[in-house]
Amino acid sequence: MNEHEPLRKALAWLLQQPRLTPRLIAEASRHFDLSPLDEEFLHRYFFDRPSRGAPQSERDQNGDLESS
C-alpha cells in the first residue's frame, strides 16, 4: 500500500460529507489511522487557507495590510 493511501482515502471521505468540522477530521484521522502530521495537514487544508472562490485580488484586498 502506498504510504499516502490512508490520507487519500480520508480526504475522499471528508469531501463526501455534507459539512466539515474539526471533529469530523479527528474522526477521519482515527478511522483511517492517520499520523498526527496528516491530521494537521487536513486541518490546514480545510480551515487555515483563504477562500477558494474569491479572486486573488479580493483576497489581497481583504487580508493584505500593506496594500492599503
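Biologist: Which residue just after H2 takes a positive phi?

Modeller: Asp33 does, at about 55 degrees. This is a predicted model, where local features need pLDDT of at least 70, side-chain atom pairs count only at pLDDT 80 or more, and totals for chains, interfaces and linings use all residues. Residues are numbered from 1 along each chain as its sequence is written, and side-chain values use heavy atoms, without hydrogens or water.

Biologist: How many helices and strands does the protein chain have?

Modeller: Look for DSSP runs: helices are H or I, at least four residues, and strands are E, at least two, numbered from the N terminus. The protein chain has four helices and zero strands. Its pattern along the sequence is α-α-α-α.

Biologist: Which residues of H1 and H2 meet?

Modeller: Contact means heavy atoms within 4.5 Å. From H1 come Ala10, Trp13 and Leu14; from H2 come Leu24, Ile25, Glu27 and Ala28. By class, that contact has six nonpolar, no polar and one charged residues. Here Ala, Val, Leu, Ile, Met, Phe, Trp, Tyr, Cys and Pro count as nonpolar, Asp, Glu, Lys and Arg as charged, and the others, Gly among them, as polar.

Biologist: How do H1 and H3 pack?

Modeller: They pack at about 35 degrees, with axes 11 Å apart. This crossing is right-handed. Leu7, Ala10, Leu11, Leu14 and Leu15 in H1 meet Asp38, Phe41, Leu42, Tyr45 and Phe46 in H3. The classes are nine nonpolar, no polar and one charged.

Biologist: Why do residues some places apart in a helix point the same way?

Modeller: Now take Leu14, in helix H1. Beyond four places in sequence, Leu14 touches Leu20, Leu24, Ile25, Ala28, Leu42 and Phe46. The C-alpha atoms of Leu14 and Phe46 are 9.9 Å apart, though 32 residues separate them along the chain.

Biologist: Is Leu14 buried or exposed?

Modeller: Buried means under 20% relative accessible area, exposed over 50%, and partly exposed in between (1.4 Å probe, protein chains only). Leu14 is buried, at 0%. In H2, the buried residues are Leu24, Ile25, Ala26, Ala28 and Ser29. Their cover includes H1 and helix H3 (36–47). Of the 68 residues in the protein chain, 21% count as buried.

Biologist: What does the side chain of Ser29 make a polar contact with?

Modeller: A polar contact pairs N or O atoms within 3.5 Å; within protein, one must be able to donate a hydrogen and the other to accept it, and residues adjacent in sequence count only if both atoms are side-chain atoms. Ser29 is buried, at 7%. Its side chain makes a polar contact with the side chain of Glu39 (3.0 Å).

Biologist: Where is Gln17, and what does its side chain reach?

Modeller: Gln17 sits in the loop between H1 and H2. Gln17 is partly exposed, at 23%. Its side chain reaches the backbone oxygen of Trp13 at 3.0 Å.

Note on methods. Axes are lines fitted to C-alpha atoms, for helices over the stretch in contact, and angles run from 0 to 180 degrees between N-to-C directions. A crossing is left-handed if the near helix is turned anticlockwise from the far one by less than a right angle, and right-handed if clockwise.
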